[in-house]
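Biologist: I should be grateful for a close look at a single part of this model, the last helix of the chain. Please describe how that part is built and packed, and then place it in its wider setting.

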Amino acid sequence: MKDNIRLEEHRIEQEPFYLPIGEEIKLAEAAYETGLPLLLKGPTGCGKTRFMQYLAWKLNRPLITVSCHDDLSTSDLVGRYLIRAGEAVWTDGPLTLAVRAGAICYLDEIVEARKDTTVVIHPLADDRRELPIEKRGELLVAPPEFMLAVSYNPGYQSVIKDLKPSTRQRFVALSFDYPNPEAEAEIVIKESGVSEDLATSLVKLGRMTRGLKDSGLPEGASTRLLIQAGKLIEQDI
């Protein structure tokens with residue numbers, strides 16, 4: 001019962017706005033139907049998370065998102081025993097919850113997690129589709145409805161923080177980038193409510209900043225940042 005309540009919190013009821021930039025929806029649906037995991041590659045703020053929200057809505061599956069970081073442990077993903085009322089009670093982690101319920105588990109910025117943590121997804125990401133829970137001596141087999149998706153920003157990758165070939169080759173990779181100027185302006189208008197002229201100006205400025213990497217600005221304005229700027233302008237800021 002508690003798991004059902006937790007899952008309902010992750011169900012997307014209304015269609016999120018998403019403007020396709022290619023055949024990523026068709027490819028993602030094909031991956032889902034064949035039980036293959038997804039790897040989303042692209043710069044920050046270009047729409048990877050929104051794409052996953054749209055895909056979860058379209059497939060009518062709960063979306064459980066985990067923001068990966070340096071301290072993310074295997075127990076954080078799989079689960080752990082907690083002491084409640086003097087007893088040790090097992091609590092599923094987000095990955096285990098998603099497998100049990102046939103949800104979509106989205107590991108955002110997977111390269112930020114520790115290498116020993118990402119190994120746990122290997123049997124889920126190949127034809128076994130299994131999640132071993134060593135602390136319980138349990139082996140979960142993912143149902144057909146379950147999908148694993150991860151993302152990372154190749155622009156920030158380094159030798160230390162990069163996906164191992166043994167991890168990367170398990171996934172169907174989708175490359176994302178900022179939309180063309182017309183599409184990006186349409187997104188900014190829809191998401192922030194600014195006029196077409198203002199959206200066009202914001203997009204022009206954003207695209208200029210993205211071309212300054214060799215001039216000391218390592219990160220230009222993302223589509224997300226342009227939307228945030230538009231929202232502030234709408235509030236007379």
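Modeller: The expected span of a helix is 1.5 Å times one less than its number of residues. Helix H10 covers residues 223-234, and its 12 residues should therefore span 16 Å. In this predicted model, the end C-alpha atoms of H10 are 17 Å apart, which agrees with that expectation.

The next matter is how H10 is turned towards the rest of the chain. Thr223, Leu226, Ile227 and Gly230 of H10 are buried, a term that stands for under 20% relative accessible area. These four residues cover an arc of only 100 degrees around the axis, so they lie on the same side of H10. After H10 comes Asp236, which has a positive phi, near 65 degrees.

The C-alpha atoms fill a box of roughly 60 × 40 × 40 Å along the principal axes. Buried residues account for 44% of the 237 residues. Of the contacts in the chain with a separation of 6 or more, 73% join residues 24 or more positions apart.

Elsewhere in the chain, the largest nonpolar core has 33 residues, of which Leu95, Leu107, Phe146 and Leu148 touch the most other members. Elements giving two or more residues to this core include strand E2 (63-67), helix H4 (74-78) and strand E8 (147-152). Helix H5 gives the most, with four residues. Leu95 touches, among others, Leu77, Cys105, Val120, Phe146 and Leu148. Apart from this core lies another, of 22 residues, among them Phe51, Leu55, Leu59 and Leu63. In soluble globular proteins, nonpolar side chains tend to be buried together.

Strand E3 (residues 79-84) pairs with strand E4 (residues 87-92) in the antiparallel sense, over six bridges. Ile83 has Ala88 of E4 as its bridge partner. Two residues lie between the strands of this hairpin, in which Ala85 takes a positive phi near 55 degrees.

Methods. Residues numbered from 1 in each chain as written. Predicted model: local features only at pLDDT ≥ 70, side-chain atom pairs only at ≥ 80, totals over all residues. Heavy atoms only, no water. Core = buried A, V, L, I, M, F, W, Y, C linked by side-chain atoms within 4.5 Å. Buried < 20%, exposed > 50% of the residue type's maximum accessible area, 1.4 Å probe, protein only. Contact = heavy atoms within 4.5 Å. Arc of directions from axis to C-beta. Pairing = 2+ DSSP bridges. Lists of a residue's contacts leave out its neighbours within four places in sequence.
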